[in-house]
Amino acid sequence: ESLHRMIELLNKTQLPTEMPDFSKEAILAKMKRDKKRTNQILRFVFPRKIGHAEAIPVDENQLMLAFE
């Protein structure tokens with residue numbers, strides 16, 4: 001239910017709901033400059049439900065594997 005609502009809201013505001021084609025090296029370089037990065041640790045923000053999100057540390061090696 002929450003997932004469908006979030007997608008609906010993103011579509012209404014013309015925000016992306018799918019990943020475009022990208023170079024994994026380029027996206028990693030941009031992530032290393034992201035404001036959520038602290039002490040060399042990358043963080044992803046995951047929406048848990050509408051109005052609540054959680055920043056989760058992500059291992060760079062695991063991230064690169066996920067891109068494959």
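Me: What makes glutamate 8 and lysine 12 a salt bridge?

Reply: A salt bridge is a side-chain nitrogen of Lys or Arg within 4 Å of a carboxyl oxygen of Asp or Glu. The closest N and O atoms of glutamate 8 and lysine 12 are 3.6 Å apart, so the pair is a salt bridge. This is a predicted model, in which local features need pLDDT of at least 70 and side-chain atom pairs count only at pLDDT 80 or more, while totals for chains, interfaces and linings use all residues. Residues are numbered from 1 along each chain as its sequence is written, and side-chain values use heavy atoms, with hydrogens and water left out.

Me: Where do glutamate 8 and lysine 12 lie?

Reply: Both are in helix α1, four residues apart, about one turn of the helix. Helices here are DSSP runs (H or I, at least four residues), as strands are (E, at least two), numbered from the N terminus.

Me: Why is lysine 12 called exposed?

Reply: Buried means under 20% relative accessible area, exposed over 50%, and partly exposed in between (1.4 Å probe, protein chains only). Lysine 12 has 61% relative accessibility, so it counts as exposed. Glutamate 8, at 38%, is therefore partly exposed.

Me: What does the salt bridge of glutamate 60 and lysine 32 tie together?

Reply: The closest N and O atoms of glutamate 60 and lysine 32 are 3.5 Å apart. Glutamate 60 lies in helix α3 and lysine 32 in the loop between α2 (24-31) and β1 (42-49), so the pair ties together parts that are 28 residues apart in sequence. Glutamate 60 counts as partly exposed because its relative accessibility is 31%, and lysine 32 is partly exposed at 34%.

Me: How do you know that glutamate 54 and arginine 48 form a salt bridge?

Reply: The closest N and O atoms of glutamate 54 and arginine 48 are 3.1 Å apart. Salt bridges that share partners also join Arg5, Glu8 and Lys12 into one network. The whole structure has four salt bridges.

Me: Why is glutamine 62 called exposed?

Reply: Glutamine 62 has a relative accessible area of 55%, so it is exposed. Glutamine 62 is placed in helix α3 (residues 60-66).

Me: How do the lining residues of the second largest pocket divide?

Reply: The lining has nine nonpolar residues, one polar and one charged. Ala, Val, Leu, Ile, Met, Phe, Trp, Tyr, Cys and Pro count as nonpolar, Asp, Glu, Lys and Arg as charged, and the others, Gly among them, as polar. Glu18 and Thr17 are among the lining residues.

Technical notes:
1 Å grid on protein atoms, 1.4 Å probe; cavity = no way out; pocket = protein on both sides within 12 Å on 5 of 7 lines; lining within 4 Å.
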